[in-house]
Amino acid sequence: MAQVLVVEDDATIRSSIIRGLTDRGHAVVSAPTAMAGLEQAVSARPDVVVLDLGLPDLDGRAMLRMLRGVSDVPVVVATARDDEAEIVAVLDAGADDYVVKPFGVAQLDARIRAVLRRSAEDKDPTVVAGGLTVDPRTRRATLDGRPLELTPREFDLLHHLAARAGEVVSKRELLTEVWQLPYGGADKTVDVHLSWLRRKLGETAQAPRYLHAVRGVGVRLAAPVS
Ligand code: CA
């Protein structure tokens, strides 16, 4: 759930967006003009702005530039024009994503969630899975609050798996991404490092908590079910 500011002059479109986003659990404020939108962006401090480009008082692109002067709030632009040049221009002007009218609220909601996810990652790249935290800036990892003593390779391996938590990652991918060996390298290398990592996480292949081998495919990091 997010606090969303909708800037849209068309009352019918505005109320349908408000209704759709409210139904999906967002708290929505709105403005019918660019200037009112700028005021709301400052006073209501939304998590994300949905900005119509065709506004009566100011071009949406000009508003975006003014908004960027006072706020780095994520912006999803709603454009009536499926025009490559226009879309490139608004992305360059500081928009985070766009939808082309007419769009469904489900799509808008998905875009909103995606930009919020990205902005959260930009703020803090620390990956958390259960009791595990992995911070790529400091290259520190902790388990249940205790620091893990990892070699650089073990850290990279853990970070790669934790960043994709819940997904099965193939050994091939790990060799490419963690070992930088696109054309080969033995699965055995990955297995050995995984077993070292397991020991440091206090688990075994037979009784896994975080690192789950998926036979013939790869490995999946998942938080233990409590
Ligand atoms: Ca409009």
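# Questions about a predicted model

Me: At 24% relative accessibility, does Val 100 count as buried, partly exposed or exposed?
Reply: Val 100 comes out at 24% relative accessibility in this predicted model. Buried would need a value under 20% and exposed one over 50%. Because 24% falls in between, Val 100 counts as partly exposed.

Me: Good start! Which residues does Val 100 touch, not counting those up to four places away in sequence?
Reply: Val 100 sits in strand E5, residues 97–100. Trp 179 is 79 residues away along the chain, and its C-alpha atom is 41 Å from that of Val 100. With sequence neighbours up to four places away set aside, Val 100 touches Thr 79, Arg 81, Asp 82 and Ile 87.

Me: At what angle do the axes of helix H1 and helix H5 cross?
Reply: H1 covers residues 11–23 and H5 covers residues 105–123. Ser 16, Ile 17, Gly 20 and Leu 21 of H1 meet Val 105, Leu 108, Asp 109 and Ile 112 of H5. Sorted by type, the residues of this contact are five nonpolar, two polar and one charged. H1 passes H5 in a right-handed crossing, and the axes, which come within 10 Å, cross at roughly 65°.

Me: Which residues is Leu 201 in contact with, leaving aside its neighbours within four places in sequence?
Reply: Leaving aside neighbours within four places in sequence, the partners of Leu 201 are Leu 132, Leu 143, Leu 148, Leu 158, Arg 209, Tyr 210 and Leu 211.

Me: Which side chain does the side chain of His 160 make a polar contact with?
Reply: His 160 lies in helix H6, residues 152–163. This histidine is buried, because its relative accessible area of 17% is under 20%. Beyond its neighbours within four places in sequence, His 160 is in contact with Val 169, Glu 173, Leu 174, Glu 177 and Val 178. The polar contact has a length of 2.7 Å, and the partner side chain is that of Glu 173.

Me: Helix H6 also holds Glu 154. Which backbone nitrogen does the side chain of Glu 154 reach?
Reply: Glu 154 is buried, because its relative accessible area is 3%. Not counting residues up to four places away in sequence, Glu 154 touches Glu 149, Trp 196, Leu 197 and Lys 200. Lys 200 is 46 residues away in sequence, with a C-alpha separation of 9.7 Å. At 3.0 Å, the side chain of Glu 154 reaches the backbone nitrogen of Thr 151.

Me: Is His 193 buried or exposed?
Reply: His 193 lies in helix H8 and touches Arg 153, Leu 157 and Trp 179, not counting residues up to four places away in sequence. Its relative accessibility is 13%. Because that value is under 20%, His 193 counts as buried.

Me: What is the phi of Arg 139?
Reply: Arg 139 is found in the loop between E7 and E8 and is partly exposed, with a relative accessible area of 41%. Its phi is positive although the residue is not glycine, with a value near 55°.

Me: And what is the relative accessible area of Gln 180?
Reply: Gln 180 is found in the loop between H7 and H8, and has a positive phi of about 55° without being a glycine. Gln 180 counts as exposed, because its relative accessible area is over 50%, at 57%.

How values were computed. Residues numbered from 1 in each chain as written. Predicted model: local features only at pLDDT ≥ 70, side-chain atom pairs only at ≥ 80, totals over all residues. Heavy atoms only, no water. Axes fitted to C-alpha atoms, helices over the stretch in contact; angles between N-to-C directions. Helix = DSSP H or I, 4+ residues; strand = E, 2+ residues; numbered from the N terminus. Left-handed = near helix turned anticlockwise from the far one by under 90°. Contact = heavy atoms within 4.5 Å. Nonpolar A, V, L, I, M, F, W, Y, C, P; charged D, E, K, R; others polar. Buried < 20%, exposed > 50% of the residue type's maximum accessible area, 1.4 Å probe, protein only. Polar contact = N/O pair within 3.5 Å; in protein donor to acceptor, adjacent residues only side chain to side chain.
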